[in-house]
Every structure is written in C-alpha cells, then in structure tokens.
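Try each one before reading its solution.

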Amino acid sequence: MRALAKLRQAQQASARSLSIFGGDVGRGLLEISHNTLALVGLAAVAVLVFVAGRADVRHEIEVVALEWLQTRHVDRELASGNLLSAVAEPDAVSRATATDLNELPRQQAVLATWIARRYKVAPEPIGALVQEAFAISQRAGLDPTLILAIMAVESSFNPFAQSTVGAQGLMQVMTRVHDDKYTAFGGTHAAFDPISNLRVGVMVLKECIARAGSVQEGLRYYVGAALQETDGGYAARVMIEQAHMRSVADGRRVPVNASNTPPPAAKAMEASLPAELPAAEPATEGPAKPAVEKVALLRH
C-alpha cells in the first residue's frame with residue numbers, strides 16, 4: 001500500500017511539474033510575442049516617420065502601388081475579355097498635338113484650314129502647329145508663314161518624315177548634328193514630337209539667316225546648299241509657299257492646289273520670287289552660333 005501511495009504522489013508531483021513548466025513556457029511565449037509585436041509596431045512607426053520626411057520615397061511607393069493596382073485592373077479586364085477597358089488611358093489626350101480651330105484667332109484658323117485641305121492632313125494638329133508658329137515667331141523675329149512654309153516644303157507636315165541622310169521630323173532637322181538643341185526637350189527622340197521639332201527647327205533657321213544675312217540666303221544654308229552652286233530651287237519653293245500662306249492669312253483666296261514650283265529658267269525664277277517680307281527686330285539672345293556643320297550642309 002505504501003508503494004502505491006508513493007507512486008501516486010510521484011505522479012501528482014510530475015503532473016504539477018509539467019503544469020508549472022507548461023505555464024511558464026506559455027507565459028514566456030506570450031511575453032515574447034508581445035515584445036515582438038511591439039518591436040514590429042515600433043519598426044512600422046519608424047518606417048512611416050522616415051517615409052513622411054522623404055518626398056522621393058513617398059513618390060516611389062505611390063508609383064509602385066499605382067502600377068500594382070493598374071496591373072491588377074488590367075488582368076481583371078483581360079480575364080473578362082474587355083480589351084479596351086484594360087488598355088484605357090484617360091490622360092492620353094494630353095499628349096496629342098491638336099487644338100480646336102474655334103479657339104484660334106480668325107487669321108490662324110483660316111490659315112490652318114487652308115493648310116489642312118492643301119496637304120490632306122487633319123485640321124486639329126495643323127491648328128496647334130499654326131498656333132505655335134505664330135507664338136514662337138514673335139520671340140525669334142521671324143514671320144510665322146515662313147516657318148509654316150518650311151514645314152510644308154520639307155515634310156508636307158509629316159512629323160515622322162526622315163530623309164536619306166537623317167534629317168527628321170516636321171522641319172527636317174539633322175538630329176545628329178543638332179542633338180545639343182534637343183537636350184532642352186529631353187533628348188533626340190523629341191525630334192518626333194511636332195512642337196519640339198518646330199522649336200528646334202526655328203533655332204536652326206534663325207542661325208542660318210544670321211549667318212547668311214538674308215532670308216533667301218539663309219534658306220540655302222538651312223537646306224544644306226550653302227557650299228553648292230544651286231539649291232535646286234528650294235529657297236524659291238519655300239518663298240512661293242510663304243507668299244501663298246501670307247495671302248491666305250491676309251484674307252485673300254488662294255487655290256489649295258496653287259503651285260509652289262518655280263519656273264525652270266534662273267531669270268524667270270528670280271522674277272517669280274515674292275518680295276521678301278520685312279524682318280522683325282532680331283531678338284537679343286547673344287552672338288549667333290557658328291554655321292551648321294558641313295555634314296548638315298549635305299543633308300539633301
């Protein structure tokens with residue numbers, strides 16, 4: 001009997017020991033988890049404080065979160081078969097080179113309409129180009145119709161045009177020669193942004209006219225014929241086209257199929273050139289830069 005009693009006492013003692021051990025372990029784990037949660041909370045607060053003080057970090061997090069949300073949205077729409085909704089971009093219109101002709105002054109709207117019909121292009125982007133040509137011409141001291149005439153002769157208002165020697169965009173600027181000018185617009189790919197190409201082209205044209213001393217001779221530099229005996233009638237075509245556009249802007253009727261091809265004979269060509277329009281006061285932007293490099297003079 002005594003042995004049985006001692007066995008029971010031993011079992012009870014073991015049970016109490018196990019109970020105490022389990023309680024201690026449980027309390028220890030609870031304490032550790034509380035401390036861990038506290039540390040996690042403190043770390044989260046520290047991260048939030050850090051992010052709140054760093055605008056660049058906040059922006060990066062926002063971009064990542066937005067991309068994740070957009071990806072999820074696209075995946076859901078593609079799964080449902082709605083492709084248009086999946087690729088929708090409501091802000092894309094802000095990249096478009098276009099303007100409502102009703103918002104332009106009458107002179108610009110009439111000219112944009114005539115150019116659009118003549119070159120079979122949409123009036124809205126032409127309206128934006130006409131508006132920009134009128135705006136930048138005041139700063140550059142050039143006639144806006146001269147700028148537009150160069151675009152017409154050079155590219156027929158195709159912003160993606162490229163010549164065999166690498167002249168690109170609306171005004172057919174030699175991108176590799178004038179890459180420094182595109183730095184202000186984010187890089188040379190801006191050659192295919194119509195407004196950027198127009199602005200760089202105007203800078204090049206202004207330099208050419210300053211070097212040559214007149215608009216007609218400046219056009220020879222612009223087309224790359226300054227070192228050649230003839231420019232192939234380029235300056236004459238530009239100036240005839242400018243005369244057409246000037247007449248339209250002044251309210252006169254000009255057929256949309258009016259020719260800008262000069263007569264073949266040199267004397268007849270000179271006689272056919274319109275009188276050069278008075279140049280505006282040149283902008284004081286410091287000394288003119290050197291003439292375009294020889295490679296630019298060979299672009300056509």
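**Exercise 1: a glycine in a loop**

Gly166 lies in the loop between helix H6 (144-155) and strand E1 (167-168); helices (H or I, at least four residues) and strands (E, at least two) are DSSP runs numbered from the N terminus. This is a predicted model, where local features need pLDDT of at least 70, side-chain atom pairs count only at pLDDT 80 or more, and totals for chains, interfaces and linings use all residues. Residues are numbered from 1 along each chain as its sequence is written, and side-chain values use heavy atoms, with hydrogens and water left out.

Task: decide whether Gly166 is buried or exposed, and find its contacts.

Solution. Start with accessibility: Gly166 has 14% relative accessibility, so it counts as buried (under 20% relative accessible area; exposed is over 50%, partly exposed in between, with a 1.4 Å probe and protein chains only). Next, leave aside neighbours within four places in sequence: Gly166 then touches Val173, Met174, Thr175 and Arg176 (heavy atoms within 4.5 Å). Finally, Arg176 is 10 residues from Gly166 in sequence, and their C-alpha atoms are 7.9 Å apart.

**Exercise 2: a glutamine in a helix**

Task: find which side chain makes a polar contact with the side chain of Gln242.

Solution. Then check accessibility: at 7%, Gln242 is buried. Last, the partner is the side chain of Thr145, at 3.4 Å (a polar contact is a pair of N or O atoms within 3.5 Å; within protein, one must be able to donate a hydrogen and the other to accept it, and residues adjacent in sequence count only if both atoms are side-chain atoms).
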